[in-house]
Amino acid sequence: MTAPPGRRERKKAATRQKIADTALRLFLERGYDEVGIREVAAEADVAVTTLFSHFGSKEALVFEQDADFEQGLTRAVTERAPHEPLIPALRREIHAMVRHCTADGSAPIFRMIDESPALRDYEDSMRLRHAESLATAIAADPDLARSATACRTIARFVIDAYSLGREAADPEAAVNEIFRMIEAAWEAA
């Protein structure tokens, strides 16, 4: 069991969330390209150095849950029940991510991402990083015994399932359909 976060960790998390919320509000109000880092820091009432201690780039402000999503994917592999098949565990995680990202109010955020080349590039690199982390977690599990190529391929399919599901008219049905194909590919490997 993990200990609850201390006061310092709670304050850091609150500052990080305040910065992210402020940035997103400004980006949606005025446009991503129209808002500078100094404006976000000033509006959040933090120093620019504080902003950069929490976020590595302007793009990272939009994808503030990046690390949580990446950790959730690897935990779906590493923390699944003994003898639980891999693919259903990943399906559950992708369903949770898609539900989160298709909740009310998310459409303007994804429209902003689609309209910005910098944000699209950042999202592409983030997805590749998530796929590599997931592939590493899959390959490290001795019960799964697949080649590195199979692990990387399935990981990329899983990440694409998230993107395609998020964009579908019926996200749940889309994720289920995609995961039937992923399961078949995993069994074939």
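Begin, in this predicted model, by selecting Asp 66, which lies in helix α5, the helix that spans residues 66-78. Is Asp 66 buried or exposed? Its relative accessible area is 11%, and because the cut-off for buried is under 20%, Asp 66 counts as buried. If you now display its surroundings and leave aside the neighbours within four places in sequence, you will find Asp 66 in contact with Tyr 122, Met 126, Arg 129 and His 130.

Next, select helix α1, residues 7-30, which has 24 residues and reaches 34 Å from its first C-alpha to its last, close to the 34 Å expected at 1.5 Å a residue. Within α1, colour the buried residues, which are Ile 19, Ala 20, Thr 22, Ala 23, Leu 26 and Phe 27. An α-helix has 3.6 residues a turn, so residues three or four places apart point the same way. To see what covers the buried residues of α1, show α2 (37-44), α3 (48-54), α4 (58-62) and α7 (107-115), which are included in that cover.

Follow the chain just past the end of α1 to Gly 31, which takes a positive phi of about 100°. From there go on to Asp 33, found in the loop between α1 and α2. With a relative accessibility of 55%, Asp 33 counts as exposed, yet, not counting residues up to four places away in sequence, Asp 33 touches Lys 58 and Ser 116. A distance drawn from Asp 33 to Met 112, C-alpha to C-alpha, comes to 9.9 Å, although the two are 79 residues apart in sequence.

Now select residues 36-55, which UniProt, in an unreviewed entry, lists as "DNA-binding region". This span is 75% helix and 0% strand, and its end C-alpha atoms lie 14 Å apart.

Finish at the largest pocket, which holds about 460 Å³ of space and is lined by 26 residues. If you colour the lining of the largest pocket by class, it shows 15 nonpolar, five polar and six charged residues.

Conventions: Residues numbered from 1 in each chain as written. Predicted model: local features only at pLDDT ≥ 70, side-chain atom pairs only at ≥ 80, totals over all residues. Heavy atoms only, no water. Helix = DSSP H or I, 4+ residues; strand = E, 2+ residues; numbered from the N terminus. Buried < 20%, exposed > 50% of the residue type's maximum accessible area, 1.4 Å probe, protein only. Contact = heavy atoms within 4.5 Å. Expected span 1.5 Å × (residues − 1). UniProt positions renumbered as here; feature names shortened; annotations may be inferred. 1 Å grid on protein atoms, 1.4 Å probe; cavity = no way out; pocket = protein on both sides within 12 Å on 5 of 7 lines; lining within 4 Å. Points joined across faces, edges and corners; volume = space filled by probe spheres on them. Nonpolar A, V, L, I, M, F, W, Y, C, P; charged D, E, K, R; others polar.
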